Structure formats: structure tokens, C-alpha cells
Amino acid sequence: QLQLVESGGGSVQPGGSLRLSCAASGFTLDYYAIGWFRQAPGKEREGVSCISNSGGSTNYADSVKGRFTISRDNAKNTVHLQMNSLKPEDTAIYYCAAGPGGLDGGDYDYWGQGTQVTVSS
């Protein structure tokens with residue numbers, strides 16, 4: 001069974017950090033670009049970051065540039081999203097997805113169940 005599982009979400013104060021992980025089972029991530037997306041209550045899904053299958057190319061939404069870093073370890077079949085200097089507006093459910101790349105979630109084939117990130121004082 002092809003599955004992506006996110007972990008690492010939680011509650012932090014503004015300015016804090018979290019590291020999200022996306023682990024794959026049932027298939028190899030090497031063939032896929034991985035994207036991170038988020039959806040806050042009442043808002044549309046937003047592409048946050050993506051990384052090519054080799055890890056050689058990354059892309060970030062303007063809202064997270066300079067604060068978030070995406071990385072991947074294909075040997076461990078895992079992708080990470082390091083989130084620093086978190087703001088209340090980063091509060092959302094974060095999803096990872098495997099697909100062809102880019103920040104348009106409609107292009108992605110496989111999705112995780114999501115992990116909640118809450119930034120609040």
C-alpha cells in the first residue's frame with residue numbers, strides 16, 4: 001500500500017521552530033518530487049515548498065522564503081521541512097505529497113494525512 005505519513009507538527013510560540021517529516025512506505029520516493037502544502041481553516045490549500053526527486057532543485061512560497069528549508073534523504077525515504085521563525089499565520093494543517101513537482105497541489109499523485117501546526121502565544 002502506497003502511503004505518506006507526516007510527523008513533527010505541534011504547538012509553538014511565535015518565533016519558534018518545528019521540523020516536519022514525511023515518510024513513505026510502499027514505494028520509493030526517489031522517483032518523485034515532494035511538495036509540502038498547508039491549509040488553514042477557511043482558506044484554500046497553499047503550496048509551501050517543493051523539492052525535486054534528486055534534491056537538486058527547491059522552491060518556496062514567498063510567504064516562507066528565508067524561514068523554511070526543505071530537504072530530502074532518499075536513503076531513508078524521507079523528506080523534511082524545517083520551519084523557523086514561525087508566525088501565527090503559519091498555523092495550518094501541513095500535508096506532504098509526491099508527484100511531478102511545483103507548488104500546484106493539483107499535480108500531485110499521493111498525499112499524506114496531514115499534521116497540525118499551531119503557532120500561538
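Let me start with a question: does Ser-85 count as buried, partly exposed or exposed, and at what relative accessibility? Ser-85 counts as partly exposed at 40% relative accessibility, where buried means under 20% relative accessible area, exposed over 50% and partly exposed in between, with a 1.4 Å probe and protein chains only.

Before going on, please keep in mind that this is a predicted model, in which local features need pLDDT of at least 70 and side-chain atom pairs count only at pLDDT 80 or more, while totals for chains, interfaces and linings use all residues. Residues are numbered from 1 along each chain as its sequence is written, and side-chain values use heavy atoms, with hydrogens and water left out.

Now the torsions. Most residues other than glycine have a negative phi. Ser-85, in the loop between S8 and strand S9 (92-99), has a positive phi of about 50°; strands here are DSSP runs of E, at least two residues, numbered from the N terminus. Asn-77, in the loop between strand S7 (68-73) and strand S8 (78-83), also has a positive phi, of about 55°, and Asn-77 is buried, with a relative accessible area of 14%.

Turning to the cysteines, a search of the whole structure finds one disulfide, that is, a pair of cysteine sulfur atoms within 2.5 Å. Cys-22 and Cys-96 form it, with their sulfur atoms 2.1 Å apart, and the torsion about the S-S bond is about 70°, so the disulfide is right-handed. The pair links distant parts of the chain, Cys-22 in strand S3 (residues 18-25) and Cys-96 in strand S9, 74 residues apart. Cys-22 is buried at 0% relative accessibility, and Cys-96 is buried at 0% too. Cys-50 is in no disulfide, the nearest cysteine sulfur, that of Cys-96, being 13 Å away.

How values were computed: Helix = DSSP H or I, 4+ residues; strand = E, 2+ residues; numbered from the N terminus.
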